[in-house]
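Hi everyone, thanks for coming. I'd like to walk you through one model today, so let me put it up on the screen.

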Amino acid sequence: MKLEERIRELIAVGASVTANCQPCLKYHISKALESGAEEHEITEAVRVARMVRKGATAEMDKFISDSCNPDMVSSETAEGCVSGGCGCNA
(Lines give C-alpha, C1' and ligand atoms only; values in the text may rest on other atoms or scores of the structure.)
Protein backbone atom coordinates (compact mmCIF):
# COMPACT_ATOMS: atom_id res chain seq x y z
CA MET A 1 0.00 0.00 0.00
CA LYS A 2 1.40 3.36 -1.02
CA LEU A 3 0.56 6.47 1.00
CA GLU A 4 -1.11 9.25 -0.90
CA GLU A 5 1.01 12.32 -1.66
CA ARG A 6 -0.88 14.53 0.84
CA ILE A 7 -0.09 12.16 3.72
CA ARG A 8 3.55 11.77 2.69
CA GLU A 9 3.97 15.54 2.63
CA LEU A 10 2.32 15.94 6.04
CA ILE A 11 4.77 13.36 7.40
CA ALA A 12 7.62 15.28 5.75
CA VAL A 13 6.39 18.49 7.41
CA GLY A 14 6.63 16.78 10.79
CA ALA A 15 10.03 15.28 10.01
CA SER A 16 11.29 18.70 8.95
CA VAL A 17 10.28 20.17 12.30
CA THR A 18 11.96 17.41 14.30
CA ALA A 19 15.09 17.74 12.14
CA ASN A 20 15.14 21.52 12.69
CA CYS A 21 15.43 22.05 8.93
CA GLN A 22 13.83 25.35 7.96
CA PRO A 23 14.36 25.00 4.19
CA CYS A 24 12.85 21.49 4.35
CA LEU A 25 9.85 22.78 6.30
CA LYS A 26 9.18 25.58 3.80
CA TYR A 27 9.45 23.15 0.89
CA HIS A 28 7.23 20.47 2.42
CA ILE A 29 4.56 22.94 3.56
CA SER A 30 4.36 24.17 -0.03
CA LYS A 31 4.22 20.62 -1.39
CA ALA A 32 1.60 19.62 1.20
CA LEU A 33 -0.63 22.51 0.14
CA GLU A 34 -0.13 21.59 -3.54
CA SER A 35 -1.09 18.01 -2.67
CA GLY A 36 -4.39 19.08 -1.18
CA ALA A 37 -3.52 19.32 2.52
CA GLU A 38 -5.48 21.90 4.42
CA GLU A 39 -3.87 24.48 6.68
CA HIS A 40 -5.32 22.88 9.81
CA GLU A 41 -3.72 19.55 8.83
CA ILE A 42 -0.32 21.19 8.43
CA THR A 43 -0.78 22.97 11.77
CA GLU A 44 -1.57 19.62 13.40
CA ALA A 45 1.48 17.96 11.81
CA VAL A 46 3.67 20.77 13.18
CA ARG A 47 2.04 20.51 16.62
CA VAL A 48 2.67 16.77 16.85
CA ALA A 49 6.26 17.16 15.60
CA ARG A 50 6.95 19.82 18.23
CA MET A 51 5.68 17.45 20.94
CA VAL A 52 7.98 14.70 19.64
CA ARG A 53 10.93 17.08 19.43
CA LYS A 54 10.25 18.39 22.94
CA GLY A 55 10.08 14.85 24.34
CA ALA A 56 13.25 13.81 22.54
CA THR A 57 15.07 16.90 23.79
CA ALA A 58 13.99 16.24 27.37
CA GLU A 59 15.19 12.63 27.13
CA MET A 60 18.53 13.71 25.63
CA ASP A 61 18.99 16.32 28.38
CA LYS A 62 18.33 13.64 31.00
CA PHE A 63 20.74 11.24 29.27
CA ILE A 64 23.44 13.92 29.19
CA SER A 65 22.93 14.75 32.84
CA ASP A 66 23.03 11.09 33.88
CA SER A 67 25.92 10.13 31.59
CA CYS A 68 28.16 13.06 32.37
CA ASN A 69 27.68 13.12 36.13
CA PRO A 70 30.77 11.41 37.63
CA ASP A 71 28.82 10.51 40.77
CA MET A 72 26.28 8.47 38.78
CA VAL A 73 28.42 6.62 36.25
CA SER A 74 31.70 4.74 35.98
CA SER A 75 34.91 6.69 35.51
CA GLU A 76 35.22 5.41 31.92
CA THR A 77 31.86 6.86 30.91
CA ALA A 78 32.47 10.19 32.66
CA GLU A 79 35.91 10.47 31.02
CA GLY A 80 34.29 9.84 27.64
CA CYS A 81 32.04 12.86 28.13
CA VAL A 82 34.96 15.12 28.93
CA SER A 83 37.62 13.77 26.58
CA GLY A 84 35.40 13.26 23.54
CA GLY A 85 34.99 9.49 23.89
CA CYS A 86 32.47 9.53 21.04
CA GLY A 87 35.04 10.88 18.62
CA CYS A 88 33.48 14.33 18.17
CA ASN A 89 36.13 16.01 20.28
CA ALA A 90 39.13 13.84 19.36
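What share of the 90 residues in the protein chain is buried? Buried residues come to 19% of them. Before I go on, please keep in mind that this is a predicted model.

Let me start with the overall layout. The secondary structure of the protein chain amounts to 4 helices and 0 strands, and the pattern along the sequence reads α-α-α-α. As for contacts in the chain with a separation of 6 or more, 45% of them are between residues 24 or more positions apart.

Now to the helix pairs. Two packed helices are described by the angle between their axes and the distance between the axes. For H1 and H2, the packing angle is about 165 degrees and the axes are 8 Å apart. Since angles over 145 degrees count as roughly antiparallel, that makes H1 roughly antiparallel to H2. The crossing of H1 past H2 is left-handed. On the H1 side, the contact is made by Glu9, Ala12, Val13, Ser16 and Val17; H2 brings in Cys24, Leu25, His28, Ile29, Lys31 and Ala32. Sorted by class, the contact of H1 with H2 has 7 nonpolar, 2 polar and 2 charged residues.

One residue from that list is worth a stop. Setting aside neighbours within four places in sequence, Ser16 is in contact with Cys21, Cys24, Leu25 and His28.

How many disulfides does a search of the whole structure find? The search finds 1. The link of Cys21 and Cys24 is right-handed, with 60 degrees about the S-S bond. Cys21 counts as partly exposed at 21% relative accessibility, and Cys24 is partly exposed too, at 31%.

Next, the loop between helix H1 (5–18) and helix H2 (22–34), which is where Asn20 is found. For those of you who like backbone torsions, phi of Asn20 is near 55 degrees, a positive value in a residue other than glycine. Why does Asn20 count as exposed? Because its relative accessibility is 55%, and exposed means over 50%.

Let's turn to the other partner of H1. H1 and H3 pack at an angle of about 40 degrees, again with axes 8 Å apart. They are therefore oblique to each other, as roughly parallel would need an angle under 35 degrees. H1 passes H3 in a right-handed crossing. Which residues meet here? From H1 there are Arg6, Leu10, Val13, Gly14, Val17 and Thr18, and from H3 there are Glu41, Ile42, Ala45, Val46, Ala49, Arg50, Val52 and Arg53. By class, the contact of H1 with H3 divides into 8 nonpolar, 2 polar and 4 charged residues.

One last pair to look at on the screen. Val48 lies in helix H3, residues 39–67, and is partly exposed, with a relative accessible area of 35%. Val48 and Val17 are 31 residues apart along the chain, while their C-alpha atoms are separated by 9.5 Å.

Key:
Residues numbered from 1 in each chain as written. Predicted model: local features only at pLDDT ≥ 70, side-chain atom pairs only at ≥ 80, totals over all residues. Heavy atoms only, no water. Helix = DSSP H or I, 4+ residues; strand = E, 2+ residues; numbered from the N terminus. Buried < 20%, exposed > 50% of the residue type's maximum accessible area, 1.4 Å probe, protein only. Axes fitted to C-alpha atoms, helices over the stretch in contact; angles between N-to-C directions. Parallel < 35°, antiparallel > 145°, perpendicular 65-115°, else oblique. Left-handed = near helix turned anticlockwise from the far one by under 90°. Contact = heavy atoms within 4.5 Å. Nonpolar A, V, L, I, M, F, W, Y, C, P; charged D, E, K, R; others polar. Disulfide = S-S within 2.5 Å.
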